[in-house]
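Reader: Could you take me closely through a single part of this model, with the cut-offs behind each term you use?

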Amino acid sequence: IIDLQNFSPLQADLEFAAFLVRAMHDYYPGRFARILLVDAPDVFRDFWVSVRPLLHRYAQLADFVTAKDVCARYFAPGEAPAELQRR
């Protein structure tokens, strides 16, 4: 679950994103069932165009969702992180 609610272009660090993706591929292969990109603002879409190819086969696991969707679909009532429930 990646909370992107307050994402800004100043946080768009492609070098760090590439490092993170490499680390996931090398040290945690096959560990992802779903990648939830929560409340991504429109400005994130441009950054996503650069990051998506780095994910290779994991890219198909990524879903853009709202905090409300995450709470309803992935957590029992009242069990979602407080940061997501407050939205």
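Author: His56 lies in the loop between H2 and strand E3 (62-65), where helices (H or I, at least four residues) and strands (E, at least two) are DSSP runs numbered from the N terminus. The model is a predicted one, in which local features need pLDDT of at least 70, side-chain atom pairs count only at pLDDT 80 or more, and totals for chains, interfaces and linings use all residues. Residues are numbered from 1 along each chain as its sequence is written, and side-chain values use heavy atoms, with hydrogens and water left out.

Although His56 is not a glycine, its phi is positive, at about 50°. Most residues other than glycine have a negative phi. His56 counts as exposed because its relative accessibility is 58% (exposed is over 50%, buried under 20%, partly exposed in between, with a 1.4 Å probe and protein chains only).

Asp39, in the loop between strand E2 (35-38) and H2, likewise has a positive phi, near 50°, in a residue other than glycine, but with a relative accessible area of 23% Asp39 is partly exposed.

At the start of H1, a side-chain oxygen of Asp13 reaches to within 3.2 Å of the backbone nitrogen of Glu15.

Terms used
Polar contact = N/O pair within 3.5 Å; in protein donor to acceptor, adjacent residues only side chain to side chain.
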